[in-house]
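Thanks for coming, everyone. I have one structure to walk through today. Let me put it on the screen.

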Amino acid sequence: MNPDHELFRILDAAANRAREGLRVVEDYARFVLNDPFLTEQLKQVRHELAGAMQALPAAALLAQRDTLTDVGTAISTAAEDQRHDAAHVLVANWKRLQEALRSLEEFSKPLPHSPAKQFEALRYRCYTLERALAVNAASKQRLGEARLYLLLDCRAKLEAFRALAMNLIEAPLDVIQLRDKQADDRKLLEHGMLLRQLLRERAASHGRAPLFIMNDRPDLAVLCDADGVHVGQEELPVAAARKIVGPERLIGVSTHSLDQARQAVLAGADYIGVGPTFPSQTKQFAAFPGLELLRTVAAEITLPAFAIGGINAQNLHDVRAAGFSRIAAGNAILAEANPRSMIESLQARLASN
């Protein structure tokens with residue numbers, strides 16, 4: 001047999017596997033995650049795969065297809081017929097897709113004008129998208145019921161912080177972020193370790209407690225045994241933070257545009273903060289993307305996302321109308337004479353249809 005014929009037979013089989021696996025993965029993003037952004041990313045991969053295949057002689061590929069004498073069609077394993085759920089189907093088809101792309105890459109190299117580099121680039125993109133889909137699904141489970149996220153500073157004295165924190169964690173909060181731009185490392189560490197202790201005691205006595213997120217500092221998140229870290233656009237990127245906090249801790253990212261939200265998803269963030277929605281007393285911005293940003297993010301991205309920036313009881317209705325049922329707030333709660341009452345009120349509004 002002509003060696004090129006053997007190559008074409010392999011390339012045809014690999015292309016079929018890649019297209020089939022990619023369609024299954026895209027269906028998961030579309031129908032299980034209901035995620036427009038990730039579905040569009042996979043659709044782009046599908047079109048780029050078709051474009052790379054145009055460099056190969058379609059007629060020659062088809063001419064060498066011979067499923068009747070293909071020894072592989074009669075070989076199977078028990079594992080191939082066992083799929084426990086949709087997530088298991090997804091994992092199997094990611095591997096099918098990536099292996100097929102590698103085969104396309106390698107066996108197209110001997111051909112003139114080889115599209116091997118295109119297949120290689122698609123394979124790497126699929127590695128990124130595999131993580132994004134996995135993180136999306138895991139984050140929806142872990143943060144599925146989280147609606148109210150409190151930004152808490154260190155207060156002037158440790159005892160004042162203790163008293164406030166004990167009061168707050170008895171309320172129906174979902175997440176507490178320790179955030180204080182004026183505090184030095186030792187103060188942040190001291191307050192973070194105290195907060196961790198109080199949350200452990202709360203969980204031991206009531207079965208659950210809010211998640212604890214450290215702002216900006218993945219190193220302090222680890223030292224305080226926080227549940228995660230939140231970084232901004234000027235702080236460490238997700239990949240660097242992940243090296244410090246490990247695979248289990250959450251990483252949140254502040255985003256101020258739709259493009260930043262998309263990039264956070266692809267970078268492997270577990271959740272995003274979206275804003276600033278309105279002016280606030282804690283952060284200053286030259287411009288406020290506002291409710292329009294919330295609408296565009298809500299329409300495209302399903303990774304857990306918290307609206308942030310000046311949100312309070314008076315404007316919460318507008319935030320809900322923009323498609324967000326998760327918010328982060330600080331002064332709107334802490335400035336109240338009865339923070340617990342405000343937390344309960346906000347939670348009730350967030351839970352309502």
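I'll start with the whole chain and then go through selected residues and elements.

First, a caution. This is a predicted model. Keep that in mind throughout.

Now the overview. The chain has 353 residues, and 46% of them are buried. Its secondary structure comes to 14 helices and 8 strands. Along the principal axes, the C-alpha atoms fill a box of roughly 85 × 40 × 40 Å.

Next, contacts. Take those between residues at least 6 apart in sequence: 67% of them join residues at least 24 apart.

Then the surface. The accessible surface is about 17,500 Å². Carbon and sulfur atoms account for 53% of that surface. On charge, I count 42 positive and 43 negative side chains. The centres of those two sets lie 2 Å apart.

On to cysteines. How many disulfides does the structure hold? The count is 0. Take Cys-154, which is in no disulfide. The nearest cysteine sulfur belongs to Cys-224, and it is 9.8 Å away. The cut-off for a disulfide is 2.5 Å between the sulfurs. Cys-154 is also buried, at a relative accessible area of 0%. Cys-126 is buried too, with a relative accessible area of 0%.

Now a helix. Look at α9, residues 238–245. Which of its residues are buried? They are Val-238, Ala-241 and Val-245. These residues sit on the same side of α9, because they cover an arc of only 65° around the axis. An α-helix has 3.6 residues a turn, so residues three or four places apart point the same way.

Turn to the other side of α9. Ala-239 and Lys-243 are exposed there. And what covers the buried residues of α9? The cover includes two helices, α8 at 218–223 and α10 at 258–267. It also includes two strands, β4 at 228–231 and β5 at 250–255. After α9 comes Gly-246, with a positive phi near 85°.

Next, a strand. Leu-148 is in β1, residues 148–152. Is Leu-148 buried or exposed? Leu-148 is buried, with a relative accessible area of 0%. Now its contacts, leaving out residues up to four places away in sequence. Leu-148 touches Leu-173, Asp-174 and Val-175, among others. Pick out Ile-327. That residue is 179 places from Leu-148 in sequence, yet the C-alpha atoms are 5.5 Å apart.

Now some backbone details. Two residues other than glycine are on my list for positive phi. One is Arg-155, with phi near 65°. Arg-155 is in the loop between β1 and α6, the latter being residues 158–168. At a relative accessible area of 29%, Arg-155 is partly exposed.

The next is Asp-216, with phi near 70°. Asp-216 lies in the loop between β3, residues 211–215, and α8. Asp-216 is buried, with a relative accessible area of 15%. The cut-off for buried is under 20%, so Asp-216 falls within it.

There is a cis peptide bond to show as well. Where is it? It runs from Gly-275 to Pro-276, with omega near 5°. Pro-276 sits in the loop between β6, residues 271–274, and α11, residues 290–300.

Two more residues. Ser-103 is in helix α4, residues 86–108. Ser-103 counts as buried, at 14% relative accessibility. What does Ser-103 contact, leaving aside neighbours within four places in sequence? The answer is Ile-10, Leu-11, Ala-14 and Arg-17.

Last, Arg-208. Find Arg-208 in the loop between α7, residues 185–206, and β3. Arg-208 is partly exposed, at 45% relative accessibility. Leaving out residues up to four places away in sequence, Arg-208 touches Leu-173, Asp-174, Arg-202 and Ala-203. Asp-174 is 34 residues from Arg-208 in sequence, and their C-alpha atoms are 9.7 Å apart.

Over to you for questions.

Methods. Residues are numbered from 1 along each chain as its sequence is written. This is a predicted model: local features need pLDDT of at least 70, side-chain atom pairs count only at pLDDT 80 or more; totals for chains, interfaces and linings use all residues. Side-chain values use heavy atoms; hydrogens and water are left out. Buried means under 20% relative accessible area, exposed over 50%, partly exposed in between (1.4 Å probe, protein chains only). Helices (H or I, at least four residues) and strands (E, at least two) are DSSP runs, numbered from the N terminus. Contact means heavy atoms within 4.5 Å. Accessible areas come from the Shrake-Rupley method with a 1.4 Å probe; for residues, only the protein chains shown count as cover. Lys and Arg count as positive and Asp and Glu as negative; His and the chain ends are not counted. The place of a charge is taken as NZ of Lys, CZ of Arg, CG of Asp or CD of Glu. The arc is that of the directions from the helix axis to the C-beta atoms.
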